[in-house]
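Thank you all for making the time this morning.

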Amino acid sequence: MKLTEAIEFVRNFHRHNKPPAGGLFAVGVSDGNTLVGVAIVSRPVSRHLDNGETVEVIRCCVVDGAPKGSCSFLYARCWQAAKALGWKKIITYTLQSETGASLKGAGWKIIAELKGSTGLGWLNRPGREWQEVTGQSKFKWSN
């Protein structure tokens, strides 16, 4: 799907994140009639992980009432597309308060536990804006 459409979908429906500025590609899922979810893949947000082999799912967003398994479908398709484009690894993050059931359903595993950021250093680069979720502890996932 078009990246601009996915970004607009996130703008309208994501429960705790703002839409990203861009990405490499996006995938969508429908209920047969209507778009009910999107996932956006980008180079890793952390420049330390940007090794030319890794991509990151930076947003996964589905509407309330989307068919069961929609998020798992999106995560699985992100990895399938990334592999087809030559990427070797895919990662994403969830809040520790989230179950991660969709990632588990897609065969992903927790590879790290991360403490929330204090914000120091976060605003040292142009265009960055503090979001409440930045300060929360997260799980890092990969397949």
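Let me begin with a term: a residue is called buried when its relative accessible area is under 20%, and exposed when that area is over 50%, with partly exposed in between. By that rule, 39% of the 143 residues of this chain count as buried. Please keep in mind throughout that what you see is a predicted model. The accessible surface of the chain comes to about 8,400 Å², and carbon and sulfur atoms account for 50% of that.

Along the sequence, the elements follow the pattern α-β-β-β-α-β-α-β-β, which comes to three helices and six strands.

In general, the strands of a sheet pair through backbone hydrogen bonds, in either a parallel or an antiparallel sense. Here, β2, residues 35-42, pairs with β3, residues 54-62, in the antiparallel sense over six bridges, and within that pairing V41 has V57 of β3 as its bridge partner.

F9 counts as buried, at 7% relative accessibility, whereas F13 is partly exposed, with a relative accessible area of 43%.

What does the largest nonpolar core contain? It has 32 residues, and those with the most contacts inside it are I40, V57, C78, A82, I90 and W108. Two or more residues each come from α1, β1, β2, β3, α2 and β6, and the largest share, six residues, comes from α2. To take C78 from that list, and leaving aside its neighbours within four places in sequence, it is in contact with F25, V27, A39, V41, V57 and I90. S70, in helix α2, residues 70-84, is buried too, at 5% relative accessibility; beyond residues up to four places away in sequence, S70 touches V29, V36 and V62.

I will finish with β6, whose residues are 138-142. Five of its five residues are buried, so β6 is largely enclosed by the rest of the structure. As a general point, side chains in a regular strand alternate between the two faces of the sheet. Both faces of β6 are covered, with K138, K140 and S142 on one side and F139 and W141 on the other. β6 pairs in the antiparallel sense with β4, residues 89-95, over five bridges, and also with β5, again antiparallel and over five bridges. W141 takes part in both pairings, as the bridge partner of T92 and as the residue that stands opposite I110.

Notes: Residues numbered from 1 in each chain as written. Predicted model: local features only at pLDDT ≥ 70, side-chain atom pairs only at ≥ 80, totals over all residues. Heavy atoms only, no water. Pairing = 2+ DSSP bridges. Helix = DSSP H or I, 4+ residues; strand = E, 2+ residues; numbered from the N terminus. Buried < 20%, exposed > 50% of the residue type's maximum accessible area, 1.4 Å probe, protein only. Contact = heavy atoms within 4.5 Å. Core = buried A, V, L, I, M, F, W, Y, C linked by side-chain atoms within 4.5 Å. Areas by Shrake-Rupley, 256 points an atom, 1.4 Å probe, with all protein chains shown as cover.
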